[in-house]
Amino acid sequence: MTVFIKGKDAFSFAFKQFTDTVYRVALHNTANSADAEDVAQEVFVKLLESGKTFRDGEHLKAWLIRVTVNLCHDKFRKLSRETLVENAFAFKTGEEKADIVEAVKSLPENYRNAIYLHYYEGYTAKEIGKILDAKENTVLSWLSRGREALRKELDGGFDDE
Amino acid sequence: MNKKDYIKAVDNITAPQSLLDKIEALDPPAKKKAPMWKKITAVAACFVAVIVAFSGVMGSTFKAESEDRADMMVENGYSNELYADDAIGDVADGGSFTNQSASGTGSSNGNPSMKAPNRKIVKTASLSIRTKNYDTLITALNQKIEQYSGYIEQSQEYNYDNASNRNANMNVRIPAENLDKFIEELAVIGTITSKSITSDDITDSYIDVESRIKALETEEKTLLGLLEKAENLSDVIQLQDRLSQVRSDLESLKTQKQSYDGMIAYSGVSLDIQEVERVVEGDDTFFGEVKEKLMNNLYDLGDFFREFAINFIAALPYIAIAGVVAVIVILIVKKKKNK
């Protein structure tokens, strides 16, 4: 059975359930927490303005992630990934304790989003493909290349176990 | 370092309080309980109808009516607890409203005749429209706006899903006398899933502004008269001081009156347009909901067959190869048997 969520319900549902998700996605795609906050706020404005009807919570969540990624993409297109991770150099040289989130953030946009959505949110490659508008195989290769890059940069790699 | 560390690290990222506050502030104060209301009223109406019919059958007299009403209230209260435990105060009102309509007075919306002449009414409408043909709808909409001499105040379009899922928000102003016709026409070019029209009576504030303007104008004239007669400099300065204040007040009041006039002459219509693959009409009745759910499931079923057909056709090359192999095997087996 299909349950529709729309308008204000969608907003309060999203606020209760997915604010952290939106913020996390935003943080993965912005240089600092202030930018991430701005983006997250904007996502909720978009949600209010859109008045969209969602099939269920998952549909709403996927929409929120997609909008967040797109907004970050539009806003921070000009920033290179070196700027995105302020201490990118530091953890490569081992001067500072490696921060795994920073390491993921240092990956190219698609890699890092795929890694986040797969390993943290538990989406399959097919679902990620739907959210990020890519083919399943493309997502799989993002994931494996992302893992490969992380393995090189982090001690002990980034294994599934 | 592995997946678990990553999950742990991300777990520690939570939306800061400042963000939560900001988002919460976005939440518009709204008619939150409207749909719940309808349900409560409907349920209460059913109860009342059943009880009235029942008491009729039992042969109760008019004298017993007050007792019946008390019973009804209890029943309504109960139904309220069942359906909305956070709205007990509202429930009592809902109960009395349904009592009225059940007893046949039906006076809930008989207001038009009460409209006094010269009331200053600001009408606003808010509509949700769904359409399968987004482009056609937008073109037709623009035509209608022009036809009824309205204009677009603001318009935004989004497309975050895929190409067949566009979204637009528009604020349109339509001359108040054309509003009803405009909405009627909209129902023809798209499917209206929700509609609300609000009339705001601003007569009091309007009259207030008007009378203040009159008073200030009189004062202005008096001041001008005094100014002509004034002989010493300090009087002139004082008078001019007051005069310039009166004039600036007049200006702002006149601007306000103009904006009132604009609001009265042009109704604001906010449109929320959504492109959908299929249109489901909003219907709150029991059968409406059954119909809606049924349609959804049929649609899902159709979707399943569609997917199945696509996969089947996509698999044809393999099926063909398998077929050829099967034929060859059968032929070989037959030949061997013949020998």
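**View 1. Salt bridge between Glu153(B) and Arg173(B) in a predicted model.** The two side chains meet at 3.4 Å, N to O; a salt bridge is a side-chain nitrogen of Lys or Arg within 4 Å of a carboxyl oxygen of Asp or Glu. Glu153(B) belongs to strand S2 (residues 151-158) of chain B and Arg173(B) to strand S3 (residues 167-175) of chain B, so the bridge ties together parts 20 residues apart in sequence. Strands are DSSP runs (E, at least two residues), as are helices (H or I, at least four), numbered from the N terminus. Arg173(B) counts as buried at 15% relative accessibility, whereas Glu153(B) is partly exposed at 46% (buried, under 20% relative accessible area; exposed, over 50%; partly exposed, in between; 1.4 Å probe, protein chains only).

**View 2. Salt bridge between Arg166(B) and Glu275(B).** Their closest N and O atoms are 3.1 Å apart. Arg166(B) sits in the loop between S2 and S3 of chain B and Glu275(B) in strand S5 (residues 266-275) of chain B, so the pair ties together parts 109 residues apart in sequence. Both Arg166(B) and Glu275(B) are buried. Asp135(B) is linked with these two residues in a network of salt bridges.

**View 3. Salt bridge between Lys123(B) and Asp180(B).** The N to O distance is 3.9 Å. Lys123(B) lies in strand S1 (residues 121-131) of chain B and Asp180(B) in helix H7 (residues 179-189) of chain B, 57 residues apart. Asp180(B) is partly exposed, with 42% relative accessible area.

**Notes.** Residues are numbered from 1 along each chain as its sequence is written, and chains are lettered from A in the order in which they are written. In this predicted model side-chain atom pairs count only at pLDDT 80 or more and local features need pLDDT of at least 70, while totals for chains, interfaces and linings use all residues; side-chain values use heavy atoms, without hydrogens and water.
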